[in-house]
Amino acid sequence: MQLRYYLENMASVVKGRFLLKTANPIIEHLLLDSRRIIFPQSSLFIALQGPRRDGHVFIDELYQKGVRNFIVDHETNTALLPEANIILVRNTLQALQALAIHHRKQFVTLSDGRQLPVIGITGSNGKTIVKEWLNQLLDTQFNIVRSPKSYNSQIGVPLSVWQMNEGHDLAIFEAGISESGEMSNLEKIIQPTIGVFTNIGEAHSEGFISLRQKINEKLQLFTHVETLIYCKDDPAIHEAVAILWQQLHKRGDKTFSICNWSTVSEASLQVQTILKEDGQSLITATWKSEKIQITIPFTDNASIENAIHCWCVLLQLKISQAVIQQRMQQLATVAMRLELKKGINNCSIINDSYSADLSSLKIALDFLMHQQQHAKRTVILSDILQSGKAEKELYREVAEALTQRKVNRFIGVGKKITQQRQAFEEVGSLELSFYDSVEDFKKNFHHFYWRDETILLKGARVYGLEQIDALLEQKVHQTILEINLSSLVYNLQQFQQLLQPTTRVMAMVKAFSYGSGGYEIANVLQFHKIDYLAVAYADEGVELRKEGIALPIMVMNTDASTFDLLLKYKLEPELYSPGLLHALADFVKNRNIHHFPVHIELETGMNRLGFSEEQIPPLLETLQTDIFKVHSVFTHLVSSEDPEHDEFTLQQAAIFHKLCNRINNVIQYPYLRHIANTSGITRHSSMQLDMVRLGIGLYGIGDNHSVSMPLREVSTLKSTVAQIKQVKAGDSVSYGRKGIVDRDSMIATVRIGYADGYPRSLSNGIGKMLINGQLAPIVGMICMDMTMIDITDLTGIQEGDEVVVFGNGLSVKQLAHWAQTIPYEILTGVSQRVKRVYFEE
């Protein structure tokens with residue numbers, strides 16, 4: 001359970017004074033981004049000042065959204081915030097860090113009296129991989145809290161530590177720095193008991209006088225650890241650690257110990273042999289005079305180094321060697337770094353477009369060297385940022401590294417690397433090309449001959465090398481669903497124009513966002529400051545949380561088996577029956593939780609889910625306690641799109657307001673009321689209330705009765721022609737001989753079938769596809785993976801041509817009409833094996 005703090009206590013922690021104080025609420029959540037509000041009443045917004053944005057400018061907006069608690073570092077006009085609590089501090093970043101330090105101090109020991117193990121990781125490369133691998137190796141044994149993604153900065157680390165709660169028995173945090181003086185702050189926040197120093201390289205070196213200063217700065221993370229793990233094969237790190245050990249022991253700190261490893265000299269873990277074979281590495285070592293070994297499903301030096309660091313951690317945690325061996329064999333690739341996949345024309349692609357520095361480049365080149373499937377090697381590299389070296393010296397070293405690894409072709413992307421072309425020309429053995437930007441390279445992409453080679457993509461994120469990756473990646477399944485995110489945003493804005501400024505929007509992202517993709521859609525909506533998301537089941541919400549979606553999420557169909565997930569991932573359940581109400585109440589009470597956020601569904605005529613008028617008394621009885629905090633009350637309109645049923649729709653609204661009034665009699669705080677769906681927004685403006693639920697309209701599908709809106713369909717399902725055949729009159733096409741052609745015909749086989757979600761009911765001429773702007777009818781029965789169309793009367797059709805199944809030029813509404821169903825069913829039925837491609841115009 002997350003610790004909760006009274007605001008007055010937090011003001012004392014940050015040494016601030018109240019500019020305005022209207023209450024002393026309990027704070028559970030720290031809020032830094034105005035687009036990431038989950039629980040406004042229990043959140044504390046810290047107005048950080050960045051190079052481009054000042055958090056103070058969002059205070060008014062946040063206040064309007066229900067946030068009442070703020071930390072600022074300059075005077076604020078309190079007259080516009082009459083119900084707010086505003087704390088003034090000298091520096092808001094320091095206040096954030098002070099709160100994290102205080103929070104960390106609450107978790108020193110476990111319930112059994114043992115010290116809470118906290119692993120702190122730093123180094124130039126491998127921090128995130130080691131963290132994620134440790135999580136893979138230990139998550140079945142520990143309840144782990146760890147840094148989300150790469151939250152390792154002066155802001156990211158406090159947010160990572162703030163996640164700690166009483167249920168965690170192991171913490172893993174990474175720490176990164178870019179200048180002197182930063183690590184001491186992070187050490188106070190993390191307070192690691194076990195330290196891991198992965199390696200040292202040139203990344204972010206510009207903030208340091210020398211490599212030694214950079215090492216010493218990073219070592220500040222470990223000044224109070226019990227054990228420091230590192231590889232002693234780097235003499236600079238080993239020497240610096242030795243000096244730190246002497247300093248700590250000299251001042252009387254006898255608890256500091258070292259666990260190092262080496263492949264060349266005596267060490268705590270002495271690596272004897274590394275045998276690489278069949279895509280695996282067998283690593284044999286000596287530990288406390290005992291011979292031990294692990295096998296990992298990787299052969300590159302980067303993975304071996306990371307795995308050995310993890311091995312040392314597991315040994316320190318006294319995990320049995322048998323368990324270590326078993327878990328090491330199951331290590332999986334962490335996708336954010338060196339990712340190997342199939343490319344076009346029998347190429348292999350290594351995507352490492354995550355960072356660009358000399359050390360990580362050399363590790364990536366070693367990984368490239370170990371790929372033996374192709375003799376030819378190509379490297380595409382962006383500018384290297386913050387190396388700490390002079391440009392000419394830096395790129396000469398890059399050129400030498402390329403020749404040492406026997407790279408055949410080099411493509412430089414970026415103005416700085418292009419200016420240093422001579423450094424690469426001097427090595428003499430490379431096929432060279434240079435471009436100022438990714439866009440310039442993309443214009444010339446098809447001038448290159450890509451075949452039977454291994455291609456390393458290496459570059460800083462800001463250069464967008466993922467665009468090149470998309471061009472090189474093999475299209476495994478030529479049936480794709482394109483999702484136009486620009487159209488999604490356009491549709492959202494069209495509906496927002498119909499709403500009052502105070503009306504909030506809940507976006508429906510259930511059923512994989514109507515087939516369009518859960519996270520990708522939710523991420524766009526989050527960026528555009530949608531107020532709420534709604535999913536059908538808890539596991540959908542869990543996936544969104546794991547992907548970093550922080551918006552409040554309502555779960556519309558929950559049950560007792562998912563209560564733990566609701567709590568763990570801060571999901572807000574819909575309560576629709578007395579049975580579910582009592583089950584969740586018991587669950588919450590048993591965990592001593594108060595004000596658990598819920599949404600109440602009322603039955604007004606749908607006769608599906610919801611509290612009927614007769615079931616209101618037990619609901620009111622429970623709501624009078626402090627078990628739940630009602631965030632919203634809503635109902636479902638049965639036929640808001642149809643004028644014929646407008647009287648019934650008004651009747652539903654009247655019942656809804658009547659039941660809400662009964663709820664108002666027992667709870668004294670405000671909550672959101674919502675009744676309008678997509679058609680309700682367009683046809684019943686009086687039903688906007690506090691919030692609306694935007695579903696199918698967001699994806700560009702309206703209804704025939706609604707106010708005319710220029711919506712854009714978001715999804716386009718495409719495939720390609722696999723083969724074209726001449727079929728004689730009287731011959732049959734497909735299974736069952738249902739499709740008999742009455743003339744000599746040209747039949748195109750398209751790479752899509754009912755396994756992809758294409759309805760079999762469209763067989764035998766009922767459905768059509770669009771090819772080169774021309775409609776072609778379906779012939780015969782739709783197969784599992786293929787569908788045949790008649791192109792006899794069409795011109796210019798060739799094998800490989802693109803076919804539109806629905807979307808651009810052929811509305812999904814038309815397809816649904818042919819199939820005698822609704823667009824919802826078509827969109828949600830698109831199989832997960834169909835690749836989703838997302839783009840913005």
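Predicted model: local features only at pLDDT ≥ 70, side-chain atom pairs only at ≥ 80, totals over all residues.
Biologist: Thanks! Which residue in strand 5 is the bridge partner of His29?
Modeller: Strand 4 and strand 5 (residues 43–46) pair in the parallel sense. Three bridges make up that pairing. In strand 5, the bridge partner of His29 is Ser43.

Biologist: Let's look at another pair, strand 20 and strand 21. Which residue in strand 21 does Phe410 stand opposite?
Modeller: Strand 20 (residues 409–413) and strand 21 run parallel and are joined by five bridges. Strand 21 (residues 431–435) is mostly covered, with four of its five residues buried. Within strand 21, the residue opposite Phe410 is Leu432.

Biologist: Now on to His168. Is His168 buried or exposed?
Modeller: You can find His168 in the loop between helix 5 (156–162) and strand 10 (170–174). Leaving out residues up to four places away in sequence, His168 touches Leu110, Leu116, Asn143, Ile144, Val145 and Gln163. Its relative accessible area is 14%, and the cut-off for buried is under 20%. So His168 counts as buried.

Biologist: Which residue has its backbone nitrogen 3.0 Å from a polar atom of the His168 side chain?
Modeller: The cut-off for a polar contact is 3.5 Å between N or O atoms. A distance of 3.0 Å is found here, and the backbone nitrogen belongs to Asn165.

Biologist: Good to know. How do the residues divide by class where helix 3 meets helix 6?
Modeller: Helix 3 (residues 92–104) and helix 6 (residues 183–190) pack at an angle of about 35 degrees, and their axes are 7 Å apart. Helix 3 brings Gln97, Ala100, Ile101 and Arg104, which meet Asn185, Lys188, Ile189 and Ile190 in helix 6. By class, the contact has four nonpolar, two polar and two charged residues.

Biologist: What about helix 23 and helix 24: in which hand do they cross?
Modeller: The axes of helix 23 (residues 616–623) and helix 24 (residues 646–664) come within 10 Å and cross at roughly 35 degrees. Ile616, Pro617, Leu619, Leu620 and Leu623 in helix 23 meet Leu659, Arg662 and Ile663 in helix 24. That contact has seven nonpolar, no polar and one charged residues. The crossing of helix 23 with helix 24 is right-handed.

Biologist: Helix 7 next, please. Which elements do the buried residues of helix 7 pack against?
Modeller: In helix 7 (residues 211–219), the buried residues are Lys214, Ile215, Glu217, Lys218 and Leu219. They pack against strand 8 (118–122), helix 6, strand 11 (194–197), strand 12 (227–231) and helix 8 (235–250).

Biologist: And Ala507: why does Ala507 count as buried?
Modeller: Ala507 is in strand 24 (residues 504–508). Leaving aside neighbours within four places in sequence, Ala507 is in contact with Leu525, Ile530, Tyr532, Leu533, Ala534, Leu694 and Leu698. Buried means under 20% relative accessible area, so Ala507 counts as buried at its value of 1%.

Biologist: Leu525 came up there. Which residue with positive phi follows helix 19?
Modeller: Leu525 is one of the buried residues of helix 19 (residues 518–527). Others among them are Gly518, Ile521, Ala522, Val524 and Gln526. After helix 19 comes a residue whose phi is positive, near 60 degrees, and that residue is Lys529.

Biologist: One more on positive phi. Is Ser289 buried or exposed?
Modeller: Ser289 has a positive phi of about 70 degrees although it is not a glycine. Ser289 lies in the loop between strand 15 (280–287) and strand 16 (290–296). With a relative accessible area of 76%, Ser289 is exposed.

Biologist: Finally, what is the relative accessibility of Asn607?
Modeller: Asn607 is found in the loop between strand 28 (596–601) and helix 23. Asn607 is not a glycine, yet its phi is positive, at about 55 degrees. Asn607 counts as exposed, and its relative accessibility is 66%.

Key:
Residues numbered from 1 in each chain as written. Heavy atoms only, no water. Axes fitted to C-alpha atoms, helices over the stretch in contact; angles between N-to-C directions. Helix = DSSP H or I, 4+ residues; strand = E, 2+ residues; numbered from the N terminus. Left-handed = near helix turned anticlockwise from the far one by under 90°. Contact = heavy atoms within 4.5 Å. Nonpolar A, V, L, I, M, F, W, Y, C, P; charged D, E, K, R; others polar. Buried < 20%, exposed > 50% of the residue type's maximum accessible area, 1.4 Å probe, protein only. Polar contact = N/O pair within 3.5 Å; in protein donor to acceptor, adjacent residues only side chain to side chain. Pairing = 2+ DSSP bridges.
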